[in-house]
Amino acid sequence: MNISSSLYGIATLGYIFAMIAYISYLAFRKDTIGKIATGITLLSFISHTVAFALRWYEGYAEGLRAFWRPPISNLYESLIFFVWCLILGYLIIEFKYKNRSFGAFITPVAALALAFIEMSGMSKQIEPLVPALQSNWLLAHVTMSFISYSMFALAFGTGLMYLIEKTEDRKEPAYIFWTVSIGVLLVLLIAMGLDYLKFHVVATTPELAKAYLFKATFNSPSTAVSALSWIGALVVIFLVWRFGYVLRNIIVSFRLDTRILDELTYKIIAIGFPIFTLGGLIFGAIWADQAWGVYWSWDPKETWSLITWFVYAFYLHARLMRGWRGKKVAVVAVVGFVTVVFTYLGVNLLLSGLHSYGSLK
Amino acid sequence: MEKEKKSFIDRLWDFFASIKLAIVLFALIASTSIVGTVIEQNASPEKNLKVLSRLIGPDLAPSAYRLLDSLGFMDMYHSWWFVTFLVLFAVNLIICSIDRLPRIWKLATEPIKPINTDRIPSFPIKKEIVLKGTPEGVRDKVMSVFKSLGLKPANSPVEGGGFQLYSQKGGWTRLGVYITHLSILVIMIGAVIGIFFGFHGYLNLPEGYTSSVAYDRKTGKAHELGFSVRCDDFDVEFYGMSEMPKDYRSWLTVIENGREVLRKVIEVNEPLRYKGYIFYQSSYGMMPNIKQGILILKVTGPNGKTETVTKRIGESFTIPGTNIVGTIKDFSPALATDSSGRTYTYSNMMNNPAAKIEFSKNGTPLYSGWILKRFPRTWNLPDGNRVEMVDFWGVQYTGLQVRKDPGVWLVYLGCVIMAFGLYSAFFMNHKKLWALVRTDGKNNTIVTFMGTANKGRQHFANKVEDAISKLITKSKEV
Ligand code: HEM
């Protein structure tokens, strides 16, 4: 265990405590709790930053990476960088809008991502870069992609809060949408947690995903277990739908201005979209062109990036030109982040488990 | 009744000029694209049958396969309907832009006009302050607000005494959206040119071989390059003593009309370009008959003189300045030793090349052993002489991707345009500011600031506010 991973560990714990603090702040609305939450987040962020810098230096000192290569080249490193951007973005919003309630939505994402890393036991080795990955275009591509991903994650948070606050009627499509979304997310997390409890592995590579993903539940060899899992999943989703008002009451009690949430979602996407276009699509294409001589080959990763791009283009056009406001576009913002997650994790874990190719790109 | 008179052409135009269509197309292209990421494109039928049976069960898989195949989903990004979506998308983009351009052009280029003081319209930004002195006396102060915002105001008199200042900035940024849209079209044109006039192929070229053709990626047909390429050498470099490749390189020479015209060492991310063709280092491999290779050694004798020796397996050489003869007995591309000390070959790639050499003097065997390219300490012989293994040449081939794409510069140009377009569309705005400067009839002047911005309005409002508050504190100091 070296220093940088212990510092990451401290940051992970810190974000979990911050999450608890932000949620209690939402529940009790005590200013002191809010300040504590911010303090914990700041301290964890500093620890996180130092760990990142140390790891950068280690890769260089061990002769595995050139000095200008930040550590963002594998799943472990990129998730950590994603969380770093996310928290930075969140802190900026907190200080700018002087509003903390949003932290209760962001710190869980950060804590979950880092806990996922810890639990999965994914390789934390500093890996040397294979030749194709030694490209400055790739570096710019990865860095900017993750910055935009974290923007989209923030917009997901604000969009979801908007939806929760704005929907009352259980039969309303927007209400069904957000409760089912949260329900499915819960089901996935529970299913992966059960996999972990049963097999002590978290599917972080295509091979593991193929062998273990949902083996304890939906993919169980026993038909009974698998059938029960489906029923259980439906029950969880139903419960979220039935008791969604609890979550809603908490958020409503906080008197967040929904217009600000709508505006914030738009603003964050308006910053994330150009960054994603340039870094995620254009730089990625230039890198592929330099490395293989094809700037676009419709491979699943590229195609999913394009899908993500279209979803956000849809958001911008619908909002700006068709005058869609509020719930309709908030749904698009949430869907957009789902495609982001799929582009990043789903393509590598699910699709490449389904196919036989590796996960080089 | 107006509507019914619209001609077919008008209706077609309206259809393509609508953003509703754009939104529908975004959704259509995005959702159908998903299918192509689940079904492996251009793969063998068995592969996709397997994928389908995993998804929907083995009973339904064959008929689902047949259905999807007949709809072109096995190569969907080139299917007629997907290409139709893309064409509709392009037409939509063109017509939509043309349709709106005149209005936007006017907004972007129209000079700002003074406000009609009889009927002052309402403005999103409006702020009134009272300053001591005559309108003429406060002119510089009001000017300073404009200046601090980077605006150069024009001036016109106001009826009943006073004047107004007004200015705008960033009108052309309204065109940012159009620049973005234009860039999408430029990229699409570049891509189409590449599809119709480009070549995309591969060439596996063994060390020492020359080729004047490359092979089409899809059909495998030979394609004349118009010149030849020779692979002089190929080499893989590893990270330290690991099996992880750090870099691979090919030494290439371009030959045209019998003359060597260009030499270049290529590596991944560092291709060779010649006459529109680009050769990318993409893979490597071994020739089937490895015994054909030539061992290149640097042999140093007791007098310190070094000679380069090139020999095949089975051949012999002499260490300079001695009568010691080395005979090359064996070669392994990847030598390893097992726990009992026996040697074996662990890979058929050149991961750890080694040659077994037997030395003898006047027919009497002296010593023998393996010399490894990656382990310099094996080069020192017991008697102080040295045999360095430089290479085992002529058994590896370099895998090159060969591409010619006359449209790629348009794609790159489009990317650059898009970067500018997005920047001006999202991060810049069109601001307008007016200041009405009128006397209140006594000794004071009322200044009314009014302004708008097409986006980032709050930000602009704050800046205006700041500039005005500075003006007020300054006038208090006076
Ligand atoms: C994926 C491709 C597209 C991208 C990335 C894109 C991007 C944009 C952006 C960034 C804006 C500006 C939003 C703002 O004002 O801040 C915009 C506006 C607009 N887009 Fe697109 N667009 C795309 C495709 C299309 C297509 C196919 C159409 C055709 C109908 C279209 C029509 C428009 C129109 C008419 C506007 C508003 C212009 C105005 O009046 O200000 N877009 N688009």
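Predicted model: local features only at pLDDT ≥ 70, side-chain atom pairs only at ≥ 80, totals over all residues.
Figure 1. B:Asn92 itself sits in helix α5 of chain B, which covers residues 80–109.

**Figure 2. Burial of B:Asn92.** Is B:Asn92 buried or exposed? Its relative accessible area is 4%. The cut-off for a buried residue is under 20%, so B:Asn92 counts as buried. Across chain B, 44% of the 478 residues are buried.

**Figure 3. Fold and extent of chain B.** Chain B contains nine helices and 22 strands. Its radius of gyration is 38 Å, whereas the globule rule gives 23 Å for 478 residues. The value is well over the rule, so chain B is more spread out than a compact globule. Along the principal axes, the C-alpha atoms occupy a box of roughly 125 × 70 × 50 Å.

**Figure 4. Contacts by sequence separation in chain B.** Here the contacts with a separation of 6 or more are considered. Of these, 58% join residues 24 or more positions apart.

**Figure 5. Surface and charge of chain B.** The accessible surface comes to about 25500 Å². Carbon and sulfur atoms account for 58% of that area. Chain B carries 59 positive and 42 negative side chains. How far apart do the centres of the two sets lie? The distance between them is 7 Å.

Methods:
Residues numbered from 1 in each chain as written. Chains lettered and ligands numbered in written order. Heavy atoms only, no water. Helix = DSSP H or I, 4+ residues; strand = E, 2+ residues; numbered from the N terminus. Rg over C-alpha atoms; globule rule 2.2 N^0.38 Å. Buried < 20%, exposed > 50% of the residue type's maximum accessible area, 1.4 Å probe, protein only. Contact = heavy atoms within 4.5 Å. Areas by Shrake-Rupley, 256 points an atom, 1.4 Å probe, with all protein chains shown as cover. Lys, Arg positive; Asp, Glu negative; His and termini not counted. Charge placed at Lys NZ, Arg CZ, Asp CG, Glu CD.
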